[in-house]
Amino acid sequence: MRRRNRLFSSPRFQHWAARLPVIRWIARSRANGAFDLLAGFTYSQVLRAFVEGGAFPILAEGPLTPAEVAARMDLSEDAALTLLRAGRALMLTEEPAPGLWMLGEQGAVFATNPGVQAMVRHHRLLYADLADPLALLRADRREPTALSRFWTYAGALHGGAERGVETAEYSRLMAASQHFVASEVLASVGFGKVRRLLDVGGGHGAFLRAIGTAHPHLALGLFDLPEVVETGARLLGEAVGAERVTAHPGNFFKDSIPQGYDMVSLVRILHDHDDAPAQALLANIRASLAPGARLLIAEPMACIPGLAPMGEAFFGLYLWAMGSGRPRSPAELTAMLRHAGFRRTRVVATAQPVNASVILATV
């Protein structure tokens with residue numbers, strides 16, 4: 001590997017590879033990838049400007065001139081044109097005729113997806129924490145960060161908040177983006193034999209709403225902090241029928257998990273917590289389940305082929321900044337489930353693991 005690295009880092013080799021027709025495309029792809037690493041922060045800030053400046057709904061009415069966009073975004077015409085051109089490079093915009101601009105392919109996706117836009121807005125906190133990444137790492141999670149102050153469940157554990165003071169904004173963010181995970185679960189997991197489903201840490205019930213709407217035979221239980229589950233159960237009942245919904249207020253680290261459910265779901269919960277509390281949560285859930293009942297885990301995971309940057313670069317730094325948790329591989333989660341007393345585990349393939357990978361564990 002050292003010999004390979006010396007070869008790849010040689011300017012002479014790079015010049016030779018760029019000229020050899022057989023491997024020119026490989027060399028060019030590697031060079032483009034290296035530049036994306038160098039300039040990636042700019043791409044994310046272009047996207048942030050589009051979201052926070054309201055460019056997507058404006059351009060959805062296009063084609064528009066740069067002057068029209070500038071007036072509606074409170075920018076100068078030159079500034080608007082700079083942003084439109086930057087967006088074109090990222091497929092957020094396109095120029096179908098000279099001087100006229102509209103949404104590009106990626107822009108059309110973002111414009112109709114409030115969940116993604118909510119995450120982009122939320123990432124202003126991550127941008128702030130990563131302004132000095134070495135300082136963030138050297139603090140070794142001993143100091144509060146913008147993310148740890150915001151993220152109530154972790155913040156409460158580290159003294160950043162009490163009793164979920166800031167849970168409303170966080171729950172809105174989760175509700176806006178939860179449909180990504182629900183779509184993967186619905187496409188990969190069968191619920192025909194499930195009668196009662198409990199979502200632990202289910203927030204405002206967005207996941208249960210999606211599953212319950214698709215499977216109207218299910219009785220639904222929502223377990224979360226009292227100030228969260230009160231609102232969540234009401235919203236969920238309005239969507240699927242109050243007679244189908246049972247609210248369970250509590251803290252899944254301190255209180256017993258409600259019994260009588262043949263499936264329990266943990267949606268983007270485990271990776272938010274360090275190993276010891278995550279293992280304790282799995283043991284708590286295992287104690288509540290009767291033989292044959294199952295636990296469904298759905299969240300982005302580490303070491304997924306083709307998605308290593310998402311699992312270990314993005315979520316690795318995000319969760320570090322948050323002050324709690326880490327991305328885990330399916331193998332690591334399987335070992336934790338076995339340690340908690342689950343007899344069988346199965347990794348379920350999903351179409352878009354960038355949204356969520358799925359593991360089913362049986363008591």
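**Backbone exceptions and helix packing in the predicted model**

P63 lies in the loop that links helix 4 (55-59) to helix 5 (66-73). In this predicted model, the peptide bond from G62 to P63 is cis, with omega near 10°. Most residues other than glycine have a negative phi, and most peptide bonds are trans.

Positive phi values were also found. Phi of D140 is near 55°, a positive value in a residue other than glycine. D140 belongs to the loop between helix 10 (133-138) and helix 11 (146-150). With a relative accessible area of 41%, D140 is partly exposed, since this value falls between the limits of 20% for buried and 50% for exposed residues. R268, likewise not a glycine, has a positive phi near 55°. R268 is placed in the loop between strand 6 (263-267) and helix 16. The relative accessible area of R268 is 13%, and R268 is therefore buried, the cut-off being under 20%.

Two packed helices are described by the angle between their axes and the distance between the axes. Helix 16 contributes D275, A278, Q279, L282, A283 and R286 to the contact, while helix 18 contributes M336, L337, H339 and A340. By residue class, the contact of helix 16 with helix 18 comprises six nonpolar, two polar and two charged residues. An α-helix has 3.6 residues a turn, so residues three or four places apart point the same way.

Helix 8 covers residues 114-122, and its buried residues are G115, V116, Q117, A118, V120 and H122. The N-terminal end of helix 8 is capped by N113. In this cap, a side-chain oxygen of N113 lies 3.3 Å from the backbone nitrogen of V116, and V116 is itself one of the buried residues of the helix.

For the protein chain as a whole, the secondary structure amounts to 18 helices and nine strands. The chain has 363 residues, of which 45% are buried. Among contacts in the chain with a separation of 6 or more, 65% are between residues 24 or more positions apart.

Definitions and conventions:
Residues numbered from 1 in each chain as written. Predicted model: local features only at pLDDT ≥ 70, side-chain atom pairs only at ≥ 80, totals over all residues. Heavy atoms only, no water. Buried < 20%, exposed > 50% of the residue type's maximum accessible area, 1.4 Å probe, protein only. Helix = DSSP H or I, 4+ residues; strand = E, 2+ residues; numbered from the N terminus. Polar contact = N/O pair within 3.5 Å; in protein donor to acceptor, adjacent residues only side chain to side chain. Contact = heavy atoms within 4.5 Å. Nonpolar A, V, L, I, M, F, W, Y, C, P; charged D, E, K, R; others polar.
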